[in-house]
Each structure stands twice: as C-alpha cells, then as structure tokens.
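Here is a short report for a reader who is new to this structure. Please look over the sequence and the model, then read on.

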Amino acid sequence: MAGQGLHRVAITGIGIVSCLGNDLETVGSALREGRSGLVVDPERQELGFRSPLTGQIKDFDPKILSRKQRKSMPDFAVWAYASARDALALAGLADSDIQNDQTGLLYGCDSSCMAAIEQVDALRLRGETKGIGSGQIFRSMTSTVTMNLNTLLKTKGACWSLSSACSSGGHALGQAADLIRLGRQERVICGGAQEINWQSMCSFDGLGAFSVQVDNPATACRPFDADRDGLVPSGGAATVVLERYDLAEQRGATILGEFLGYGFSSDGEQLSVPSADGLSRAMLSAIEQSGLDASEIDYLCAHATSTPAGDAAEAGNIRRVFGDKTPRISALKALTGHELWMSGAAQVVYTTIMAQQGFTAASHNFNSADEGTTGLNILQKTDPVPPGKVLCNSAGFGGTNSSLVISYC
Amino acid sequence: MTEAEIIELIDSSLAEEFELDREDMVPSANLYTDLELDSLDTVDMVIVLEGAFEFKIREEEAVRAIRTLEDIHRFVITKIEQNN
C-alpha cells in the first residue's frame, strides 16, 4: 500500500553473482533443479578449520574492470559491480538515466577482511606506510562497495553502506525502498555483498556454528530439518534496482515486482541467540505496511541458516505470525549456504528469478521437523506455482531483523 | 645498465602496473592529462620504481614535481648515477 503522499516502489532490475551461478538463467536452473553451490575447501582443512565447507564463486571474470579500477576494490565489490551492471541492463537504464542526483546506491556489507590483513603485511614487509599502496584504504572499509560503485556508475544521489550483520542486505533494500516511498530518490541501486575468503570466516568457524557434514557438501546445510547441525558460509553479491513505480511505468520499463513493505525490529537480548518474538515483530510490521492480510502471503523465503537454535527461533516466530496455517516456505540456503551480509538482498533476487521463470524453489535437505521447527508448510519439491505475495526474512547477530513484502502478481 | 635499458624497464613496469598502451608512452606524455593517472597512482608509481630498481625513493618533493614520462626517466637515471 503506498499510503497517502507516499510513492509506490517497483522492482525493475536484478543481478547476481552467487555460488549458484553468475547470470539469472544459470541461477534459476540451479534453484529449480536443486543444484548446490557448496564445496569442501581443502585449504581450510589444512589450516585447522572445524568445517571446511563453503560456497564458491566459479567462472567469474574480474577483468570486466581494469586493473586500475580493481585496485581499490576487494573481490566482492567487483562482484557487486557485475551484478549492478546486469541489473541496470535488465532495467533498461542507461548511463544518462542514472548519472543524476535522483539515483542512489545503498548496499549491505559488514566486513572487508583481506585488505586489513594485506595492508599490515605490506607495512611489516616494507617498513614504511607508503609501501602499502594506494588501494588498500579504499578496499578496507565496509563502505567499499558503494564508494567504488559510485565512481564507476557515476550516480549522484544517496551513497552509503549499511552494516547489520546477516540482515545487512535486507535492511539495505528496505531503506532504499523507503527513500523512494518518501520521495527522496527516484531510483536506488541496492543490494548486498559478501566476501567468501577463509580469512574472514576463521573466527566464525571457531564458534562451532558451521555444519561438519563434510561427506556430501550438497546435503550439509539442512534448514529446519531435525538433523541440521550448522550453517555453511558463502558469499557473492546481489543487486536490485528499485524505482518509483509511476516513473518506471512512464518509461515503459518491465516491472518485475512491487515492493510493498519493509519491517524491522531488534531483539534487545543476546548476541548470537535470536529471541522468541523479534523476527515476528519485523514480519508483522512489513505485512502491516504492505496493506495485505497475513493470509494473503503465499510464499515465505525464510532466513533459516540450518543452525539448531536459529531455525527453531525463526520457526517459532513464523508460527506467531501465521498460526497453524503458514504460507509455503523454503530456505534457499540449503543450496547457497549462508550468504551473510548479502543474503537478505539475494533472497529478493532469487524470489524474483522464480517469479520470472515460473516456479517456487523447494527447501532442499528437509526430511522431517523436530519439536522446534514443527508446524511449517515447508516445500519439499519444486512447485510449478510461482511466488505471488512474498515475505523475505533476514536476521543478524545481535538480534537485528528485516522483513520485506513483495508482490509479483 | 644503459640509459636505454633503464628507460625500457621504467616504461614496461609502468605499462604493466597501470595497463598503459605503449604507443601512448612517448617521453613528452603528461602522466595526468595524457596517460590519465591520478595522485593516488603516484603512490603506486613509487612502489613500482622501487621494486624495479631496488632503491628507496625519499625525494618526495622531486616526485611531486614529476609531470611527464621523461621527468620519470630523468629522475631515475639521476638517482642511479648518484647511487653509483
């Protein structure tokens, strides 16, 4: 629901670089056929990781940008550029359409580990700070994605990054939509980006939160399943182009979906254990803003990462909102692993791909619920009925929650 | 090392670092207006030259005064002569 004086928000472009593929067709077929992007990383085994499982980006050519352009960019910022370039092409927006003060950039990102390590190593090796080189300062900041995309795309409006752990991408999309709803921007190129290197994951591995089902990486991540034993870290970059609906219509753009609602909440409780009601408050807020009744939501793209406590908490929150009649639910992290800062934005890209390609992806590796995850309508097979009215959840360390409502019909 | 060899090493090192077209790398080429380098690139230019010639560049004022490729050639040749 636009609300009085508020603008409607259209999705007109999507792009993604993920462990499922680097274009919409490949990613769509992976989602439809249940093809996993997870692997065992032998280097992590040698280094003493508890779990060597990870998502992996394959066949990506970073030379879409020059060496000089890449000097200030970590790999995930180059992935973000590729996904933004593809999303803008799909949206049919030319340089002249976005190089103005009504076009913004807003990405979720919460780390840039490699530059921090490399700059310290360079200083120790060369014995002087000028030996570090010019690029590391720009690579090391969590705003590296938006500052680099701004110089490459030459947009002139909003330009900042948002850090809220694993809900960063979800909040980035929500706040981008708010900028448009409020009339502050006509369009925002938004999304999330996540590094995938072992260096950024070693301390997380030390918490014992990752799955150790290494015999078959494709079945290691088991959201909501009774045999789930942890998440699988992953990454990439996802971009969504949001536009003022009326302007998108005026220019004859293909409207891929309508962004109806954004709800947020925080737990105010623990660092790593989600609360019993935090995510449900975000879901209810998003549904209220959308103008829909909860019963009209026909698909829920869950945050579920495959941790014992996290999935049970989300299940409880979903039951609080939907009672014993939940929408169809799937957790795509079974295939992608947990794309962390990127995941909230990636879910919107994946869901839009499903709507475009005419199916709803199954929640793979789910066989049976336990006491904590019971009562959910979890999709166990690819459904030929595409998503219509969708709720996308994401939740982050510290208890920060994002819920988005999108309509595809 | 002859002057020609020094110049070739400078040009090839800079061409690789900054993905420059060797045809554009005439001695009179202005680093900023012709070769499209910027002030950040001069930080990396110093690292490249230090690596190629295994010396340390302490003359920050002299580096800041460099404008053309020929200025770099002269700077490096002078520095090598001084070190010898």
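## A helix pair in chain B

In chain B, helix α1 passes helix α4 in a right-handed crossing. The contact of α1(B) with α4(B) involves 7 nonpolar, 1 polar and 1 charged residues. The model is a predicted one.

α1(B) covers residues 3–18, and α4(B) covers residues 69–83. Their axes come within 10 Å and cross at roughly 125°. The two helices, α1(B) and α4(B), are therefore oblique to each other. On the α1(B) side, the contact uses Glu3(B), Ile6(B), Ile7(B) and Ile10(B). They meet Ile72(B), His73(B), Val76(B), Ile77(B) and Ile80(B) of α4(B).

## Chain B as a whole

Chain B has 4 helices and 0 strands. Read from the N terminus on, its elements run α-α-α-α. Its C-alpha atoms fill a box of roughly 35 × 25 × 20 Å along the principal axes.

How does the radius of gyration of chain B stand against that of a compact globule? A compact globule with 84 residues would have a radius of gyration near 12 Å, and chain B has 12 Å, so the two agree.

## Chain A as a whole

Chain A contains 15 helices and 12 strands. Its radius of gyration is 20 Å, close to the 22 Å that the globule rule gives for 409 residues, so chain A is as compact as a globular protein of that length. Along the principal axes, the C-alpha atoms of chain A fill a box of roughly 65 × 55 × 40 Å.

## The sheet of chain A

Strands of a sheet pair through backbone hydrogen bonds, either parallel or antiparallel. Chain A has an open sheet of 10 strands with mixed pairing. The strand order is β5-β4-β6-β7-β1-β8-β12-β11-β9-β10. Which strands form the edges? They are β5 (159–162) and β10 (328–330) of chain A, and each pairs on one side only. On average, neighbouring strands of this sheet are turned by 25° against each other, direction ignored.

One pairing can be followed residue by residue. Strand β6(A), residues 187–194, pairs with strand β7(A), residues 236–244. The sense is antiparallel, and the pairing runs over 8 bridges. Val188(A) has Leu242(A) of β7(A) as its bridge partner.

## Helices on the sheet

Helix α4(A), residues 75–91, packs on the sheet. It touches β1 (9–17), β4 (103–108), β6 and β7 of chain A. The direction of α4(A) makes about 135° with that of β1(A).

Helix α12(A), residues 278–290, also packs on the sheet. Its strand contacts are β8 (257–266), β11 (389–396) and β12 (400–407) of chain A. The direction of α12(A) makes about 145° with that of β8(A).

## Helix pairs in chain A

Two packed helices are described by the angle between their axes and the distance between the axes. The axes of α12(A) and helix α13(A), residues 308–322, come within 8 Å. They cross at roughly 40°. That angle makes α12(A) oblique to α13(A). The crossing of α12(A) and α13(A) is right-handed. Leu279(A), Ser280(A), Met283(A) and Leu284(A) of α12(A) meet Glu314(A), Asn317(A), Arg320(A) and Val321(A) of α13(A). By class, the residues of this contact divide into 4 nonpolar, 2 polar and 2 charged.

Another pair is α9(A), residues 168–181, and α15(A), residues 343–357. They pack at an angle of about 65°, with their axes 4 Å apart. That makes α9(A) roughly perpendicular to α15(A). From α9(A), the contact takes Ser168(A), Gly169(A), Gly170(A), His171(A), Ala172(A) and Leu173(A). From α15(A), it takes Ser343(A), Gly344(A), Ala345(A), Ala346(A) and Val348(A). The residues of the contact of α9(A) with α15(A) are 5 nonpolar, 6 polar and no charged.

## Where the chains touch

How many residues of chain A are in contact with chain B? The number is 7, and they are in contact with 8 residues of chain B. The side of chain A that touches chain B has no nonpolar, 4 polar and 3 charged residues.

Terms used
Residues are numbered from 1 along each chain as its sequence is written. Chains are lettered from A and ligands numbered from 1 in the order in which they are written. This is a predicted model: local features need pLDDT of at least 70, side-chain atom pairs count only at pLDDT 80 or more; totals for chains, interfaces and linings use all residues. Axes are lines fitted to C-alpha atoms, for helices over the stretch in contact, and angles run from 0 to 180 degrees between N-to-C directions. Angles under 35 degrees count as roughly parallel, over 145 as roughly antiparallel, 65 to 115 as roughly perpendicular and the rest as oblique. A crossing is left-handed if the near helix is turned anticlockwise from the far one by less than a right angle, and right-handed if clockwise. Two residues are in contact if their C-beta atoms, placed from the backbone, lie within 7 Å. Ala, Val, Leu, Ile, Met, Phe, Trp, Tyr, Cys and Pro count as nonpolar, Asp, Glu, Lys and Arg as charged, and the others, Gly among them, as polar. Two strands pair if DSSP finds at least two bridges between them. The radius of gyration is taken over C-alpha atoms; the globule rule is 2.2 Å times the number of residues to the power 0.38.
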